[in-house]
Amino acid sequence: MSGSAARTATADVVCLGESMVTFLPSQPGRLADVPSFGRGIGGAESNVACALAAAGHRAKWVGRVGADGFGDHLVDAIAGYGVDTSAVRRDPDRPTGVYFRTATDRATDAHEVAYYRAGSAASAMSPHNVPYDDLLTTRVLHLSGITAALSADCLALLHDLTAPRDGRPLISFDVNHRPGLWREGETGPEVLLALARRSDLVFVGEDEAEEAWGVHGTEAIRAALPEPDVLVVKRGADGVTVFSRSGGGDTVTTVPSLRVAVVAAVGAGDAFAAGFLSATLRDLPVRDRARHGHLMAAAVLTVPGDLTGPPPRAYADRLAALDDEAWGTLRLGPGWTVADGANEEVRVT
């Protein structure tokens, strides 16, 4: 990560996107049957910013919220993780987005999400009303396909930010294909493919690549996305495969997933991206970048919400440095992130 943007960076990572107030169910069941909800925060990009700040990096979130109580809560809660929120803009005419979800795994048919984000303050983001100085004076700018789906203005913003320019920071892009967010008649898969091909570091799930672009398998996904210097293909329980350009070709690194006693399967993708970016900022080897991604994801998977504190850096480094056999024997459950030198691993049998 070199160039003028890196030399004058005021943040390690800037994350741009919508954050919403999340209402979490008090018990399992259909939305129609849940009697009450607890308030939290949610948003792919702000989740990444919070995790990075908690891990000790200079993280900034750039977004737009309403001039309302929910907007106050979001800014305060995200800042509470140590994130710089000074570039967040308040919209006096549009509300902060909110959503409700069930307690079931997002991948199951029983999972329900009710979004109330149409016409939100974030959907009004455009190249004309976001602080470009904040977005470009960073080592890494992290974006996601969710923002592109919010409005034509948001798409124009991402198109502009991913355009080639002198001193551009490293562009990290999480595809985050959400078919339900795209408006009728729009070609979401084509848009996401174009944005990913203009980025430097791309995160994409093997399943979402097949759904969006009809390609299956890591090699086929790389063939569809030849431009990014680093392509991270997430393969669920099978781990991740990372294509990293070196010299005239790719180095391919496959890192198995950890075995985790899952409490709630939400937020893991954002946490993985944060862990991978954290290790990238520290210039760790590709294998260790993926392992830090898995560890950060395991921290979130073993708590009920989308966010939690990461394991201490020294502890995570020790786990990431394990040999392949020891890595494969790790079993992580609730409370594992508080382990210390006297109790180096929390294992679940």
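How many aromatic pairs does the structure hold, and what do those around Phe23 look like?

Analyst: The model is predicted. It holds nine aromatic pairs. A pair of aromatic rings is described by the distance of the centres and the angle of the planes.

Take Phe23 and Phe70 to begin with. Their ring centres are 6.0 Å apart and their planes meet at 75°, so the pair is edge-to-face; the angle cut-off for that class is over 60 degrees. Phe23 belongs to strand 2 (residues 20–25) and Phe70 to helix 3 (residues 69–79), so this contact ties together parts that lie 47 residues apart in sequence. As for burial, Phe23 has a relative accessible area of 14% and is buried, because the limit for that label is under 20%. Phe70, at 32% relative accessibility, counts as partly exposed.

Phe23 also pairs with Phe100, and this pair is stacked, with 4.7 Å from centre to centre and 15° between the planes. Phe100 sits in strand 7 (residues 98–101) and Phe23 in strand 2, so the pair ties together parts 77 residues apart in sequence. The relative accessible area of Phe100 is 24%, which makes this residue partly exposed.

The charged end of Arg117 is placed over the ring of Tyr115, at 4.8 Å from the ring centre.

Conventions: Residues numbered from 1 in each chain as written. Predicted model: local features only at pLDDT ≥ 70, side-chain atom pairs only at ≥ 80, totals over all residues. Heavy atoms only, no water. Phe/Tyr/Trp six-rings, centres within 6.5 Å; stacked < 30°, edge-to-face > 60°. Helix = DSSP H or I, 4+ residues; strand = E, 2+ residues; numbered from the N terminus. Buried < 20%, exposed > 50% of the residue type's maximum accessible area, 1.4 Å probe, protein only. Lys NZ or Arg CZ within 6 Å of the ring centre and 35° of its normal.
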